[in-house]
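Hi everyone, thanks for coming. Let's look at one model together, starting with a pocket and ending with a pair of helices.

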Amino acid sequence: MGELIDVVKRGKRATEPFTRDKLHASIVASCRSVSSPEALAHHAADHVCDVIMLWASDKPEITSDDIRRQAGATLVTLHPEAAYVYQHYHIIM
């Protein structure tokens, strides 16, 4: 992915560039919150990030909700409990 992808945030917040590191950290945190082993958390985050990078590669702009839906759908196949936490973070917290 050579081009920058803008992430449209909720409400009136400014857009920001998509970063793999931020998504990776979010997936790892969701896995840790359900007591996942560290290696599994990082493996799941790496896989989810790879899928999202491929999915977003032809899009100039995506929403944070798009990312949450796509990442959650991918994570559910690897770690259903962490996927639930990731998808419902705003409701749970």
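**The pocket and a helix pair**

The lining of the largest pocket draws at least two residues from each of β2 (16–17), α1, α3, α4 (80–87) and α5 (89–92); helices here are DSSP runs of H or I with at least four residues, strands are E runs of at least two, numbered from the N terminus. This is a predicted model, where local features need pLDDT of at least 70, side-chain atom pairs count only at pLDDT 80 or more, and totals for chains, interfaces and linings use all residues. Residues are numbered from 1 along each chain as its sequence is written, and side-chain values use heavy atoms, with hydrogens and water left out.

Which helix gives the most to that lining? It's α1, with 6 residues. The largest pocket holds about 540 Å³ of space. Among its 23 lining residues, Lys9, Lys22, Ser26, Arg68 and Tyr86 are the closest to the centre. By class, the lining has 10 nonpolar, 6 polar and 7 charged residues.

Now for the helix pair. The axes of α1 (residues 20–33) and α3 (residues 64–78) come within 12 Å and cross at roughly 50°. On the α1 side, Leu23, Ile27 and Cys31 make the contact, and on the α3 side Ile67, Ala71 and Leu75 do, with contact meaning heavy atoms within 4.5 Å. This contact of α1 with α3 counts 6 nonpolar residues, no polar and no charged ones.

Methods:
Axes fitted to C-alpha atoms, helices over the stretch in contact; angles between N-to-C directions. Nonpolar A, V, L, I, M, F, W, Y, C, P; charged D, E, K, R; others polar. 1 Å grid on protein atoms, 1.4 Å probe; cavity = no way out; pocket = protein on both sides within 12 Å on 5 of 7 lines; lining within 4 Å. Points joined across faces, edges and corners; volume = space filled by probe spheres on them.
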